[in-house]
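Student: I'd like a close look at just one part of this structure. Please pick a pocket and take me through it.

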Amino acid sequence: MVQFILRRLLLLVPVLIGLTIIMFAIARLLPGDPVGLAAGPNATPAEVQALAREFGLDRPVWEQYLHYVGGLAHGDLGTSLSTRRPVAEDIAAYLPATLELVLAALTLAIVIGIPLGLVTAVWRNRWPDYLSQVAAIGAISMPRFFLGLLLQLCLAMWLMWLPLGGRLPIILDPPPTVTGFYTIDALLSGDWETFVIVLKHLAMPAVAMSLSPLATIMRMMRASTIEVMGQDYVTTARALGLPRGKIIRKYVARNAVSATLTVIGLYFGWLLGGTVLVETVFDWPGLGLYATKAILAQDMMPVIAVALVIGLLFIIANLVIDLAYGVINPKVRYS
């Protein structure tokens, strides 16, 4: 297993290098003058040239790339043209908000989707199964940003049950930072009032992001469960007179969830890369909103850094999923 983990970690090197090459190429092909935008409309040509020299943008592209890769080896992600801050500091500030949102949405999808998949498989071709098919098609086809707007309109503006957006009210200080996750930090500090407020702000964006993976996980779990229920060992367990509930829990669910793990790992990366619209709609201060502002300012260093971080997290998530196979399914072995 150690060799398997090391092999997967070595994949980080070509993936990250490939991402940097692609993002650098895109940054140079896009029209516009990022230095001019950062300097402002009243800047003189000398000031624009000085700013380009300060950030190294007056050098050849290959030299800029080699300098950037050299900085990556020391944890330097470059400097933002718009904020004039090290990009690593901005990423550290925005990443916990995105991870909290993505993990909340994925948790909702898993906790609801897997049991529903089991139920619809057991009750296949009956009304719970047909109802789940209609709900799944509707959830997958609904754009997340449009669903977010509907939630804001209904729950925030009409019923006034939940706040419109943001992580916390402007007048409320965040809990003492330990993990960067407001929910966990509020619990660690024992501040239950702030914890409830944080959950209210997290609810709508998490629901908006969770419906599509929830529907996919549910349908994948249903298909896997039906396939497992047709295996010989399940038929043998039925012939031995084992209770139906025990067969479902001990033999069917454990083997059926293995195939669903792949979908969960893929959706983790998909949610990380797809937070832009949801974070923009809900004014959620995460990587998606940060990348959107950087793109509008043609500030490519933050965009490259966001792509690298998402790629890194996606590989780590899939490594965890692969290791989970060995825990759930003892037949899986790593050499």
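Tutor: Happy to; the second largest pocket is our subject. The model is predicted, so local features need pLDDT of at least 70 and side-chain atom pairs pLDDT 80 or more, while totals for chains, interfaces and linings use all residues. Numbering starts from 1 along each chain as its sequence is written, and side-chain values use heavy atoms, without hydrogens or water.

Let's start with the setting. The protein chain is assigned domain 1 (15–74) and domain 2 (87–332), with bounds from an automatic or database assignment. Taken over C-alpha atoms, the centres of domain 1 and domain 2 are 35 Å apart. Both domains give residues to the lining of the second largest pocket, so the pocket lies between them.

Its volume is about 240 Å³ (the space filled by probe spheres set on the grid points). The lining is made by Leu16, Ile17, Thr20, Val69, Leu72, Leu77, Leu308, Val309 and Leu312 (each has an atom within 4 Å of a point of the pocket, an open set on a 1 Å grid over the protein atoms alone, where a 1.4 Å probe fits, with protein on both sides within 12 Å along at least five of seven lines).

At least two lining residues come from each of helix H2 (12–29), helix H5 (61–72) and helix H15 (300–328) (helices are DSSP runs of H or I, at least four residues, numbered from the N terminus).
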